[in-house]
Amino acid sequence: MFKSNNVTTRLFQRQVCTPAPGTSIHCARRFYENIVPSYTIYDVECPDHSFRKFTDDGLYLVSFSRNHQDVVVYRPKWLTFSCKEKDCDTHDLPLKARKFESFFTQLYSVTLASSGELICKDFFLYMESNQFGLFATSTAQIHDVPPTGGATQGVPSVEKITFHLLRLEDGAILGERVFHNDYVNLAHSIGAFLYDDLLAIVSLRYQRIHILQIRDSGDIVDVRAIGEFCREDDELFLNSNSQVLVDHVGNGFHHSLPESETFFLSGIKQRLLSFIFRGIWNEETDQTMRVQCLKKKFYFHFQDYIDLIIWKQVQFLDRHHLLIKFGSVDGAVSRNTDSHPSFLAVYNMETTEIVAFYQNSADELYFLFELFSDHFHVSSKSSLHMNLMSSHSNNIHAFEQLRCTKNKAASFSQFVKKMMASLPFSCQSQSPSPYFDQSLFRFDEKLISAIDRHRQSTDHPIKFISRRQPNILKFKMKPGPEAGSMDGRTKKICYFLFHPILPLALSVQQTLFLQASVVNIHFRQ
């Protein structure tokens with residue numbers, strides 16, 4: 001639609017030209033080619049906080065105090081200052097304008113952690129429809145804890161994990177949910193997934209998926225727990241039948257009864273075994289071949305299937321289906337899961353059935369992921385701009401990058417395992433900023449990307465190149481001091497926080513084992 005780089009001409013063309021049906025938002029985003037964060041204020045004087053992220057609607061900047069006790073929330077604002085000179089554009093910014101407070105206004109500070117708990121600085125989920133924020137606090141992790149009360153052997157324990165629901169508008173604490181002597185992976189919000197008003201929390205220690213609903217009032221309501229039981233009345237049914245068995249034992253019908261903890265497999269495990277059995281059964285029509293097939297594929301691996309546990313995370317595919325990762329206990333508590341085989345299952349919460357089951361090296365699963373990756377990046381219905389994030393199923397440039405990586409891989413099976421290791425996706429782990437739109441800009445994804453992760457810092461600026469004009473540098477961003485690091489041997493990491501709408505970003509560079517950070521503000525002057 002736009003052929004000129006002049007923003008005034010583009011505005012005029014937008015008035016007189018009508019974009020093709022269904023492309024109006026994409027055409028509007030092309031204005032970001034002209035409006036870029038091209039100016040940097042280095043080493044800004046700012047509060048000694050750990051900055052987490054902008055909310056997806058851009059209304060708030062969430063940060064945590066260094067002692068991990070308080071949540072501090074800011075309102076982004078645009079820089080304004082007066083200039084008495086005739087040509088203000090040629091002058092540098094005044095000193096008063098080069099401060100953190102010129103871009104952000106603190107709304108409030110709320111203390112969340114208490115009685116030995118600390119705020120998990122990597123955990124934050126945002127409910128855009130109500131402007132609610134979900135935070136987590138926990139006590140220290142305890143290893144080598146005996147598996148009591150049905151806990152899984154080898155999984156650590158945390159004495160207390162608390163999820164706090166805040167109304168970000170005023171900082172009011174609306175609700176809490178506490179887990180005692182349990183383990184939920186809070187790093188990068190892995191152990192929880194928010195979809196509209198539904199929240200899934202994975203108890204790794206007790207192998208339960210807690211499905212909760214967040215009401216408009218801020219109440220957190222139990223919907224169901226998937227693990228030992230799949231339906232709401234399963235426990236009542238089993239308890240009533242166990243009482244019948246006890247009565248029969250008393251009347252002399254049975255002489256012994258197995259322990260209740262080992263008498264049944266969990267409900268989710270029974271559903272999984274049933275699905276695998278029926279899948280193998282239906283592969284053959286001849287009865288003899290069926291038996292042989294079951295021996296090789298089912299009974300031979302039966303104990304392996306029994307030993308599978310739910311790993312660190314699950315994700316909603318829609319309001320009724322969950323994508324669940326299964327694997328060994330060692331893989332569940334290990335930081336590096338690449339060497340551990342894993343499986344992915346799609347579970348229907350309404351029918352309590354497993355509807356699909358794949359090993360992480362399955363070609364069929366990869367091809368589904370390649371063609372329909374947007375279906376794995378689910379977002380809330382109210383968050384329309386989250387649907388504009390680039391992926392290899394909606395962006396030709398991202399697809400070309402994927403194909404290039406696939407061609408460079410030593411083997412296709414290893415490439416598939418590497419790609420499938422990212423599933424299930426963490427909730428709200430990508431920035432919706434238009435500067436990560438790969439149809440507009442090209443950048444080095446080893447140094448920066450939409451994924452919310454720390455990366456090794458570099459003294460060289462990160463360049464954003466125009467896609468429409470491949471040789472035109474649109475802007476560049478450099479973390480750390482303007483003059484670069486004086487000590488090249490010290491390892492540094494950095495992360496970027498992009499505002500989802502404005503040409504505004506923060507870069508934070510940290511030196512390992514040191515608390516001091518260098519914060520830069522990148523914006524359009």
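**Entry 1: a first question.** Is Glu350 buried, partly exposed or exposed? I looked up its relative accessible area, found 42%, and wrote down that Glu350 is partly exposed. The words have cut-offs: buried means under 20% relative accessible area, exposed means over 50%, and partly exposed lies in between, with a 1.4 Å probe and protein chains only.

**Entry 2: what kind of model this is.** I am reading a predicted model, where local features need pLDDT of at least 70, side-chain atom pairs count only at pLDDT 80 or more, and totals for chains, interfaces and linings use all residues. Residues are numbered from 1 along each chain as its sequence is written, and side-chain values use heavy atoms, with hydrogens and water left out.

**Entry 3: confidence.** I checked pLDDT, the predictor's confidence in each residue, from 0 to 100. The protein averages 87, and 90% of the residues score at least 70. Strand 8 (residues 132–138) has the highest confidence, at 97, while helix 4 (residues 260–263) has the lowest, at a mean of 49. Over residues 254–262 the pLDDT stays under 50, and the model has five contacts for them beyond four places in sequence. A contact here means heavy atoms within 4.5 Å.

**Entry 4: the whole chain.** I found eleven helices and 26 strands in the protein. These are DSSP runs numbered from the N terminus, with helices (H or I) of at least four residues and strands (E) of at least two. Of the 525 residues, 48% are buried. I also looked at contacts between residues at least 6 apart in sequence, and 58% of them join residues at least 24 apart. The protein exposes about 27,100 Å², and carbon and sulfur atoms supply 52% of that. Those areas come from the Shrake-Rupley method with a 1.4 Å probe; for residues, only the protein chains shown count as cover.

**Entry 5: strand 4.** Why do I call strand 4 (residues 70–76) largely enclosed by the rest of the structure? Because six of its seven residues are buried. Next I looked up its partners, where two strands pair if DSSP finds at least two bridges between them. Strand 3 (residues 61–65) runs antiparallel to strand 4 and is joined to it by four bridges. Phe64 has Val71 in strand 4 as its bridge partner. The two strands form a hairpin with four residues between them, and His68 in the turn has a positive phi of about 60°. Strand 5 (residues 104–111) also runs antiparallel to strand 4, with seven bridges joining them. There I noted Ser109 in strand 5 as the bridge partner of Val72.

**Entry 6: Leu506.** I found Leu506 in strand 25 (residues 504–511), and its relative accessible area is 0%, so it counts as buried. Among the residues that Leu506 touches are Leu61, Phe104, Tyr495 and Val519. Leu506 and Tyr495 are eleven residues apart in sequence, and their C-alpha atoms are 8.3 Å apart.

**Entry 7: salt bridges.** Side chains of opposite charge can pair when their charged atoms come close. My rule is a side-chain nitrogen of Lys or Arg within 4 Å of a carboxyl oxygen of Asp or Glu, and the count comes to 16 salt bridges.

- Arg29 pairs with Asp437, with the closest N and O atoms 3.3 Å apart. Arg29 is in helix 2 and Asp437 in the loop between helix 11 and strand 20, 408 residues apart. Arg29 is buried at 9%, and Asp437 is buried at 7%.
- Arg224 meets Glu350 from my first entry, at 4.0 Å from N to O. They are 126 residues apart, with Arg224 in strand 15 and Glu350 in the loop between strand 18 and strand 19. Arg224 counts as buried at 15% relative accessibility.

Entry 8: Asp182 lies in strand 11 (residues 172–182). Asp182 does touch other residues, including Ser157, Ile161, Leu204 and Tyr206.
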